[in-house]
Amino acid sequence: MIKRRVACVGAGMTLFRRRMKETGRELCWEAAKMALDSAGLTLRDIDCVVLGTAPDAFDGVHMKGEYLSDGAGAWRKPYMRVYVGGGTGVFTPIAGWWHVASGLFDTCLVVAEEKMSSCQPHPQFAFSTIWDPILTRPLGPNLIWIFALEMHRYMHVYGIKKEDIALVSVKNKANALDHPCAQLAAKITVEDVLNSPVMVWPVQRLDISPVTDGAAAAVLCSEDIAKRVTDSPVWIEGVGWCLDSTHWTNRELAYPKYVEYAARMAYRMAGIHNPRKEIDVAEVYDPFDYKELHHMEGLQLARKGEAPKLTKEGVTQRDGDLPVNPSGGLLGVGNPIAAAGMMKFCEIFWQLRGEAGKRQVPDARTGLAQAWGDLMQVGAVIIMRA
Amino acid sequence: MERAAIVGVGYTNFSSMTPDVSYKELMFEAASRAYEDAGVDPRRDVESFISCSEDYWEGFSIFDEFVPDQLGGVLKPVCTVSADGMFGLIAAYMQIASGLVDIAVVEAHSKASDLLTYEGVVAFALDPIFHRPLGGHPYYLAGLEMNRYLWDTGTTEDQCAMVVEKNKRNALSNPLAVYGADIDVDDVLESEVLFHPLKKLEVSPLADGAIVMVLASEETARKLTDTPIWIEGVGWCTDTPQLECRDWSRAAYAWIAADMAYRMAGIRSPSRTIDLAEIDDRFSYKELQHMEELRLCGRGEAGLLLEEGVTERDGDLPVNPSGGSLGVGDLLEACGLHKVLEVVLQLRGEAGRRQVPDAEVGLAQCWRGIPTATGAVVVLSREREVAEG
């Protein structure tokens, strides 16, 4: 039984770019300031701060949360950093939600930041230490390896073709053309994706989201405050998260059960029985194009193996019946890990407020944001209503 | 405010090194004991698991990945709070208070003995442009702060040494502690000066171990146990990480966190209400500085109280009856949860030879160590309401 309603009343994000000149702290503050301004509040109105950021290895800073704290506006405030790998971006507003829902605070500033480009020679090297040091690390795996395994498995089990998956990349990069912060917006075709360099078969270059720096932020508050500061609050109605076993090698990779469990937790809380009908717009985690499909199925927005069909039929286009990633997603806007998930949260906020400009989806009342991470292991889901 | 209680605690022994077990085994042992203590089945009853860790301590990127199995949390809500275990405890409290979950678990551990380059890891927490290039063991910051504290308050080096004497002696009665010793002030003062004026015996040595706690909502807590330990107040705070911008004469994080926790618990006179306190003592002077910031005494008075024996185990306000970090060891992110653990055992009357008589309200406080200015405070009680003293 949830004790208190929590609203989102402001959001902001920086440009998403490969090499931002700003430091991590500056990125945090830029996004935080935008979120505060859009809510008509100042730091003085903020009771507590929650930060999300992914591996410390990107920045080469131990206790990165401490390092970023004053940039996030946390000076002399209750401040907490939460962390669930790639799922952090959507998990951060979930943590912000419980800060307010608990009754301890009336307002909470939620900030997610990632600065990947400072990791030299390539941020992929930070991922060489995410593996079990005895069983897996000696094999020298990288992330694209395991995505290739998963993509292959997904294609094999449901008989999905590469050209069907490539449609996601085409859609998202095109959607991103309307996003003012986007890094890799482009008008491309399925052929472009299929002709792009093979990274690890079946993953090709245009199947993958880029390396990005950026930050995103939002202001959450209690019902009383929400009514005072805005006429159009967006309510957080459902939260869910779930972590599967460390032993990813023992998992059936064709279907993300942990995403399903996270979604079911959030749907239960939001009173959603038929997500496919009740969700009007979804921001689904898409670091790789097949992941959008994979996650739609986990989220019960499509039956197993049928997400490619919905994509092909145009259902997930911005003007379709179930718009998915109208922002342009990670493939189009960019993938600064924690900030990317937070960008999805912000996009749903803007969509439900009718503030998404050229990206606006008509008549959106209920939206969903989801992120995924760790060793193909974690799902985080948030449901919002206008 | 919704109420929540600690209904189960589990812990390993704390050791200077644990070559025989992995961090997973440490966590499993602590978790199994906590579930046994609370009478819960993690797979059936627990709705949320929170693990507290920092990637660099663990030698992983995304340590979260390696947590669920040994806690019994596979395919359940599990997350990491990148902070001291006390922050995880507070997060669990908030999850329960929000009505989202009924039973939540928090875990924190230290496998410090696996760190080949402890000081190097700590140095990585310094600003990479302004401070890291200065080099040296980053504990020089503690030396600087101690100097300032002594100068500001008139506290003496002898009084700081007495903290070590007291805590290491307390640790002798604590079967979990490995750094207990029967030493006197002179031994401390004569030990090597490491970071002037901080001497070798005034620095908490590192230790390994794991702690798990089970928290429950009021209704569930009453069903599960006859001795729930109530969370009466929580507070936490981060001052600036920028060394030049800090007020070095104060530990503002402790003052502000305590203010929040006392307000929530309805405590107006902490020194009269609180029966025992477990306070961060990673360095000797920190216990005294923190006592003052927590308003357990006036500024500059902590050393005097210590001399009068007030903070001894049989004194009016026992501080660190467990032996503190000086006696038990610096457990990295488990330091704060160890403070909570000791208060829980004391309030339950399960502290054995180190039992403080008639303890009803206890305070636990943590600091995240050099170079942070972050800390938390938790007020616990075994009674339904904190009786205002």
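Predicted model: local features only at pLDDT ≥ 70, side-chain atom pairs only at ≥ 80, totals over all residues.
The greatest contribution is that of α8(A), with 5 residues. By class, the lining of the second largest pocket holds 12 nonpolar, 1 polar and 5 charged residues.

The largest pocket has a volume of about 660 Å³. It is lined by 33 residues, and Gln124(A), Ile208(A), Ser209(A), Pro210(A) and Val211(A) are the closest to its centre. Helix α4 (143–158) and strand β10 (366–373) of chain A each supply at least two lining residues. Of the elements, α4(A) gives the most to the lining of the largest pocket, namely 3 residues. The lining of the largest pocket divides into 20 nonpolar, 8 polar and 5 charged residues.

Rolling a probe the size of a water molecule over the atoms shows where empty space is left. Over the whole structure, 4 cavities of 30 Å³ or more are found. The largest cavity holds about 150 Å³ of space. Among its 17 lining residues, Glu145(B), Arg246(B), Trp248(B), Lys286(B) and Thr372(B) are the closest to the centre. Helices α7 (140–153) and α11 (252–265) of chain B are the elements that give two or more residues to the lining of the largest cavity. By class, this lining has 10 nonpolar, 1 polar and 6 charged residues.

The second largest cavity has a volume of about 100 Å³. Its lining draws on chain A through Arg25(A), Glu66(A) and Tyr67(A), and on chain B through residues including Ala125(B), Leu126(B), Asp127(B), His131(B), Arg246(B), Pro371(B) and Thr372(B). The residues that line the second largest cavity divide into 6 nonpolar, 2 polar and 4 charged. Arg246(B) and Thr372(B), listed here, are also among the residues closest to the centre of the largest cavity.

The largest nonpolar core contains 200 residues. Those with the most contacts inside this core are Trp98(A), Trp241(A), Ile6(B), Met213(B), Trp236(B) and Leu380(B). Helix α13 (residues 337–353) of chain A gives the most to the core, with 12 residues. Apart from neighbours within four places in sequence, Trp98(A) is in contact with Phe91(A) and Trp241(A) in chain A and with Cys79(B), Ala91(B), Met94(B) and Gln95(B) in chain B. A second, separate core has 61 residues, including Tyr118(B), Ala258(B), Val319(B) and Ala373(B).

Glu165(B) belongs to helix α8 (residues 157–172) of chain B. Glu165(B) counts as buried because its relative accessibility is 17%, under the cut-off of 20%. When neighbours within four places in sequence are left aside, the contacts of Glu165(B) are Ile183(B), Asp184(B) and Val185(B).

Several backbone features were noted. Most residues other than glycine have a negative phi, and most peptide bonds are trans. The peptide bond between His196(B) and Pro197(B) is cis, with omega at about 0°. Pro197(B) is in the loop that runs between β5 (193–195) and β6 (198–199) of chain B. A cis bond also joins Ile370(B) to Pro371(B), where omega is near 0°. Pro371(B) lies in the loop between β10 (361–367) and β11 (374–381) of chain B, and Pro371(B) is one of the residues that line the second largest cavity.

Met376(A), which is not a glycine, has a positive phi of about 45°. Met376(A) is placed in the loop between β10 and β11 (378–385) of chain A. With a relative accessibility of 1%, Met376(A) counts as buried. Asp358(B), also not a glycine, has a positive phi of about 55°. The loop between α16 (335–348) and β10 of chain B holds Asp358(B). Asp358(B) is exposed, since its relative accessible area is 66%, over the cut-off of 50%.

The confidence scores of the model are as follows. Chain B has a mean pLDDT of 96, and 98% of its residues reach 70 or more. For the model, ipTM is 0.97 and pTM is 0.97.

Note on methods:
Residues numbered from 1 in each chain as written. Chains lettered and ligands numbered in written order. Heavy atoms only, no water. 1 Å grid on protein atoms, 1.4 Å probe; cavity = no way out; pocket = protein on both sides within 12 Å on 5 of 7 lines; lining within 4 Å. Points joined across faces, edges and corners; volume = space filled by probe spheres on them. Helix = DSSP H or I, 4+ residues; strand = E, 2+ residues; numbered from the N terminus. Nonpolar A, V, L, I, M, F, W, Y, C, P; charged D, E, K, R; others polar. Core = buried A, V, L, I, M, F, W, Y, C linked by side-chain atoms within 4.5 Å. Buried < 20%, exposed > 50% of the residue type's maximum accessible area, 1.4 Å probe, protein only. Contact = heavy atoms within 4.5 Å. pLDDT = per-residue confidence, 0-100.
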